[in-house]
Amino acid sequence: GDILDDYVRTDGVWILTRNKQFYQTTNEKECAGKCEAERSFNCRAFLFTRKKLQCLTLAENAKMTVMFASMDAVLYEKRIYLLECKRGIGKDYRGREATTRGGIPCQKWAEKIPHTPNYTPEKYPSAGLEENYCRNPDEDGSGPWCYTTNPTVRYDYCNIPDCEDQVTHTGEVECMQCNGEDYRGEVSRTESGLECQRWDAQEPHMHEFTMKHYPEKDLKVNYCRNPDGELRPWCFTTSPAKRWEYCKIPRCTTHLPVSGPSSQCLSGKGEDYRGRIAITESGKACQHWNTQFPHKHGWIPERYPCKGLEENYCRNPDGEKRPWCYTINSSVRWEYCTIPACDGRQQEITDVPIHIPLTEECYQGKGQSYRGTTSITASGKKCQAWNSMFPHRHEKTPDRFPDADLRENYCRNPDDDSSPWCFTTDPNTLWEYCSLKRCDDHTQE
């Protein structure tokens, strides 16, 4: 993975520090390598100047000293030293707690009074045994500890909170809305304490959940995510014996806003429909979502708090063509519902055609202003409709990008890519650039 993933970047700042080393490097990654290899002190951060290409490895970070503006500098701080909480048993805890759970100040690891330590900075140079901070050099299952300054108590454990229940260094609460589909926090352990496998790794578990295949799912580092509509965020584990597991992430106390007026009529596929129609298109009454009779199912309201599974109202929790429900007829499991369209037109569900314009079309610049009707990729694949989630689920929807004119399955450039593109109807190809040429100067005139 990228060495810079382990750092938090802040542009345009400088920090005052006493303990530092100067190096000449060509880029930030080289400077990060100097920080990792630093032996003069524990490198908590580094500064990189873009004009002079100077690299300063630092013993302090912004939490420990004064910070001020400096236009040409970039500060990179090691994430591990910004966390004041423990992950798992706290082997990598590098916070500054220095008091035991009983309130006794810790003895410095380098001192021999009142207790002669078995664990010293010299014997365990990579265990972070600095000052008198709580640490876990022996991987004790009860977490970080320290020798105490009380002659009658040799050591005791420290009261370090779990990161999964805490606030991150950015100040944002680690919580999830709904089923955590949009969760972008930094929890990276499963609910049983196993460390997550990086998404860009294929060991110990091979998988298809990569940034290339799921570019909108933020599959960074080894953070817990929910790219496939599971009950809550999860990850592959670093244990060969456990392929994957859910993560322990609390639900947010604040809720997403309720849908607007369009929630009472059919817009797109009706995933936001929250009206009270409770009868199918053939006239059958709907079964209540919180019952399992006459049809057993997995759409339990408590499990899917943001899908609007109230009473027996028609809903579209799974990205179907339009809202539907289970019926109270034991011989008919489910049917679509007839919901009036928001624009007043008759409800139509038709397959989008390939549209090849009669006249040759072209785009200017990156094609963000392109509003033509080409809907075929450079390799000849048909484009997927922007409001469809089949065969590819995505977040480039017309309601999220209202100014991008994401109509039908026409080629567009909603995300400032190099040219217009589309998702394809080929299940094995997520997206491709479109079969379009850039307008030359003559055409633009």
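This is a predicted model: local features need pLDDT of at least 70, side-chain atom pairs count only at pLDDT 80 or more; totals for chains, interfaces and linings use all residues.
Colleague: Okay. Where do Cys362 and Cys439 lie?

Modeller: Cys362 is in strand S12, residues 362–363, while Cys439 is in the loop between strand S15 (437–438) and helix H2 (441–444), so the pair ties together parts that are 77 residues apart in sequence. Their sulfur atoms sit 2.0 Å apart.

Colleague: And Cys362, what does its relative accessibility make it? How about Cys439?

Modeller: Cys362 has 25% relative accessibility, so it counts as partly exposed. For Cys439 the value is 11%, and buried is the word there, because the cut-off for buried is under 20%.

Colleague: How many disulfides does a search of the whole structure find?

Modeller: The search finds 13 disulfides. One of them joins Cys106 and Cys146, with the sulfur atoms 2.0 Å apart. Cys106 belongs to the loop between strand S5 (67–78) and strand S6 (145–147), and Cys146 to strand S6 itself, so this pair ties together parts that are 40 residues apart in sequence.

Colleague: Left-handed or right-handed, that Cys106 and Cys146 disulfide?

Modeller: Left-handed, because the torsion about its S-S bond is about -75 degrees. Cys106 is buried at 4% relative accessible area, and Cys146 is buried at 0%.

Colleague: Buried or exposed, Cys224 and Cys247?

Modeller: Both Cys224 and Cys247 are buried. They also turn up in the largest nonpolar core, among the residues with the most contacts inside it.

Colleague: How many residues has that largest nonpolar core?

Modeller: It has 29 residues. Besides Cys224 and Cys247, the residues with the most contacts inside it are Trp199, Ile249, Trp289, Trp299 and Cys314. S8 and S10 are the elements that give two or more residues to this core.

Colleague: Switching to the backbone: which residue does a cis peptide bond join to Pro114?

Modeller: Ile113, and omega there is about 5 degrees. Pro114 is in the loop between S5 and S6, where Cys106 also lies. Another cis peptide bond joins Phe390 and Pro391, with omega about 5 degrees. Pro391 is in the loop between S12 and strand S13 (421–423).

Colleague: What about phi? What does Cys178 have?

Modeller: Cys178 has a positive phi of about 55 degrees, although it isn't a glycine. You'll find Cys178 in the loop between S7 and S8. It's buried, with a relative accessible area of 13%.

Colleague: And Asp416, what is its phi?

Modeller: Asp416 has a positive phi too, about 60 degrees, and it isn't a glycine either. Look for Asp416 in the loop between S12 and S13. Its relative accessible area is 42%, so Asp416 is partly exposed.

Terms used
Residues are numbered from 1 along each chain as its sequence is written. Side-chain values use heavy atoms; hydrogens and water are left out. A disulfide is a pair of cysteine sulfur atoms within 2.5 Å. Helices (H or I, at least four residues) and strands (E, at least two) are DSSP runs, numbered from the N terminus. Buried means under 20% relative accessible area, exposed over 50%, partly exposed in between (1.4 Å probe, protein chains only). A nonpolar core is a set of buried Ala, Val, Leu, Ile, Met, Phe, Trp, Tyr and Cys residues joined through side-chain atoms within 4.5 Å.
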